[in-house]
Amino acid sequence: MLMFLFYVIFLLVAVISLILAVPVIRRFLVSNQVLKIFRKMLPQISQTEQEALDAGTVWWEGELFSGKPDWKKLLAYPKPQLTAEEQAFLNGPVEQLCAMLDEWQITHELKDLPPEVWQFIKEKGFFGLIIPKQYGGYGFSALAHSEVVMKIGSRSGTAAVTVMVPNSLGPAELLLHYGTEKQKEYYLPRLAKGLEVPCFALTSPEAGSDAGAMPDFAIVCRGEYEGKTDVLGMRVTWEKRYITLGPVATILGLAFKLYDPDKLLGGNEDLGITLALIPTNTPGVNIGRRHYPLNGAFQNGPNWGKEVFIPMDWIIGGQEGVGQGWRMLMNCLSVGRAISLPATSVGAAKLAARTSGAYSRVRTQFKTPIGYFEGIEEALARIGGNTYMMDAARVMTAGSVDLGEKPSVASAIVKYHLTERGRQAVNDAMDIHGGKAICIGPRNYLGRTYQQIPVSITVEGANILTRNMIIFGQGAIRCHPYLLKEINATQDKNPDSASLAFDEALIGHAKFTLRNTANSLVYALFGDYIKDNAPENSTPETAVYYRQLARFSASFAFIADVGLMRLGGSLKRKERLSARLGDILSMLYLCSAALKRFEDDGRPSADLPLLHWSMQDAMYQMQQAFDEFLTNFPGHIALIWLLKALVFPLGKRCKRPADDLAHEVSRLMMEPGAVRDRLTNGIYVPAAENEPMADLELALQCVIECGAVEAKLREATKLRQITARGDEKIAQALALKVITAAEADLLNKMKDLRSRVVKVDDFPSDFGKETKTASNGGGKAARSAVNSDKNTAAAKRGGDTASTASESTESGKMTSENKDTVEVGNY
């Protein structure tokens with residue numbers, strides 16, 4: 001009986017081996033049958049979905065999806081660095097621009113950048129950062145672009161948006177890649193010199209993220225243009241909103257669907273999404289009205305037109321660009337999304353880190369700096385750890401663009417996670433500053449950033465959409481080594497080539513899944529002892545993280561395959577499951593960036609608390625995402641138990657960062673020095689008199705210097721040598737020679753600086769009514785009373801005959817006087 005059973009098993013194994021080993025038999029009996037199932041499982045891919053999938057390139061995120069990332073490859077990428085010219089631009093024009101900016105004046109008084117700032121931005125070529133030198137621009141790297149936006153963003157959100165939009169997804173970027181030579185030669189020099197102000201109009205009231213539902217359209221026809229009749233062109237009808245720089249733009253980039261019912265171009269009637277450049281003075285273009293996004297004064301508004309005739313050569317790329325618009329946008333978005341919003345978010349986080357650390361040391365309660373309280377320590381550590389990892393991801397991703405990549409998945413990761421972590425950092429900073437932060441005014445360096453954070457969360461793909469549908473939904477197909485090949489095979493109409501391609505991909509996929517299933521279990525059990533999972537020269541402090549990431553990478557690739565096999569195309573409709581897989585991929589990417597930053601910085605041991613906190617926090621979040629995915633995975637309880645056993649055979653072992661580690665991080669943030677400077681490097685730190693941040697920096701330095709002197713006072717008070725109270729203490733201590741005259745001066749200086757730091761803005765009772773009384777000086781009176789302190793910057797502005805009247809100009813009014821305008825909704 002046993003021999004019979006043995007022969008049966010042997011025969012079965014032999015038959016299966018023969019089937020799998022002989023390609024012709026395997027294709028006939030296995031691959032072709034699975035191909036039929038795949039074709040039924042996978043939903044039909046639309047043209048816009050296909051173009052989104054084809055856009056961009058796969059970079060390090062592909063390694064993370066492999067289940068066995070090559071750390072040598074990551075660390076071999078060159079450290080992103082600025083050229084001497086780029087650094088000079090940051091030290092010169094960018095520094096000058098930041099010094100000119102007053103966000104209170106911009107957002108409250110003018111509702112716009114001052115004219116001299118607009119002129120400076122144009123004259124100094126801020127609109128031409130990415131335009132090559134041959135066209136009059138700077139031709140800067142992606143890293144330089146990111147650094148410029150980050151620095152300006154730490155000073156003024158309004159100015160940062162104004163600079164970043166022309167250098168991100170817009171006419172310049174599209175022309176560089178897809179414009180005709182004639183279009184490039186005409187527009188790029190004008191854009192670089194600020195002679196043209198560009199905007200790009202994509203979002204419609206009825207179709208934001210769903211480009212396939214775009215209602216804007218054009219009909220190919222012949223019409224009159226510049227006195228010529230029978231000109232081949234199109235009549236365009238559109239309605240757009242949320243268009244940044246739209247109200248002041250001179251050149252409008254426009255996306256619409258193009259139709260050719262009379263077949264004037266030949267071929268199909270439905271030609272697809274197309275992009276065109278339209279001068280805003282073209283008859284029929286309605287532009288100039290404004291939205292008012294959360295007290296952000298950057299120019300943003302709607303535009304529309306009905307049957308506006310434009311010639312065919314206004315299409316980006318000319319007639320060859322017909323129907324190529326979505327592909328153009330997806331390719332450019334993969335780059336623009338990797339730079340602009342991550343840069344502004346990191347700028348906000350660094351601002352939160354630098355100011356919160358200093359404020360926590362300067363501000364005292366119960367005779368103790370508030371940063372010494374554990375609740376504040378927790379928030380400070382979160383700001384510091386998040387900022388460290390955010391900046392690492394920003395630099396690494398910008399560096400990938402400079403290496404020639406168009407990282408569509410990585411750009412979605414940094415857009416989502418850096419804007420969300422930026423929001424967390426600013427929220428924590430607001431809590432630390434308390435009442436100082438919630439009273440808006442000239443001395444509040446956080447308030448406007450806090451108000452405008454949701455704007456970055458919303459644009460370039462709202463974060464809910466990005467997390468739930470894009471990061472894994474797009475990443476699984478783009479980064480998986482075999483899935484896209486399988487999908488392409490299902491789309492192939494030729495049965496022979498489809499069978500061959502699918503068979504090759506299926507066998508590779510099967511081996512890939514088996515390897516990651518085994519590795520998920522083996523790495524979880526013995527990963528700490530597998531040397532190959534960490535670079536040879538890694539330090540003990542970092543080797544543990546490399547090994548943990550290798551383990552999670554294998555487990556991620558394993559459960560992603562299980563999810564795809566179990567749910568097929570419906571996985572993208574299981575948005576919460578897809579989002580959790582996206583969270584895992586994102587944490588793997590962010591952790592990789594933090595480790596690379598530590599190596600690129602030369603492994604500074606003083607930065608280890610920041611690295612440890614950011615890594616441990618991300619590992620814990622990754623573990624939770626695994627657990628939530630498996631807990632909610634549809635299937636029999638036995639399957640879920642088996643999956644959990646393969647991923648967590650020893651249980652969930654990652655812990656949140658310990659309290660002692662948070663204590664270390666918070667202390668680093670409260671001390672002037674190299675660590676604090678590295679963490680906040682690249683933001684604007686003003687030094688001018690009466691600048692709130694300058695006062696804060698001076699106060700921090702003074703408080704540190706006063707430490708020993710204050711200890712003398714406390715000891716003398718304890719011994720009852722000093723009996724005076726309040727302001728008399730210093731005088732009595734000096735009289736009793738407990739302290740020297742120099743020490744008394746230092747203490748008085750500290751008291752003055754601390755008072756200026758904790759002071760908040762206050763206004764007269766008619767504050768906010770200056771628009772109505774601008775003609776009789778009401779606005780001037782309101783401003784001159786800020787803080788009741790004639791030495792503040794606000795009071796200095798109040799001494800001018802300046803400009804609250806500008807609040808009643810057309811650029812600042814939010815009225816509905818134009819009866820022909822359309823309802824554009826809320827931003």
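Predicted model: local features only at pLDDT ≥ 70, side-chain atom pairs only at ≥ 80, totals over all residues.
Visitor: Why is Cys654 said to be in no disulfide?

Guide: A disulfide requires two cysteine sulfur atoms within 2.5 Å. The nearest cysteine sulfur to that of Cys654 belongs to Cys591 and is 9.5 Å away, so Cys654 is in no disulfide. A search of the whole structure finds 0 disulfides.

Visitor: Why does Cys706 count as buried?

Guide: Buried means under 20% relative accessible area. Cys706 has 0%, and therefore qualifies. Cys654, at 8%, is buried because its value also falls under that limit.

Visitor: Why is the aromatic pair of Trp59 and Tyr77 called tilted?

Guide: Their ring centres lie 4.9 Å apart, with 40° between the planes. Planes under 30 degrees apart count as stacked and those over 60 as edge-to-face, so an angle of 40° makes this pair tilted. Trp59 and Tyr77 are both buried.

Visitor: What makes the pair of Phe552 and Phe626 stacked?

Guide: The planes of Phe552 and Phe626 meet at 25°, which is under 30 degrees, and the centres are 5.4 Å apart, within 6.5 Å; therefore the pair is stacked. Phe552 belongs to helix H22 and Phe626 to helix H24, so the pair ties together parts 74 residues apart in sequence.

Visitor: How do you know that the charged end of Arg597 sits over the ring of Tyr388?

Guide: The charged end of Arg597 is 4.2 Å from the centre of that ring, and the distance limit is 6 Å. The charge is accordingly described as sitting over the ring of Tyr388.

Methods. Residues numbered from 1 in each chain as written. Heavy atoms only, no water. Buried < 20%, exposed > 50% of the residue type's maximum accessible area, 1.4 Å probe, protein only. Phe/Tyr/Trp six-rings, centres within 6.5 Å; stacked < 30°, edge-to-face > 60°. Helix = DSSP H or I, 4+ residues; strand = E, 2+ residues; numbered from the N terminus. Lys NZ or Arg CZ within 6 Å of the ring centre and 35° of its normal.
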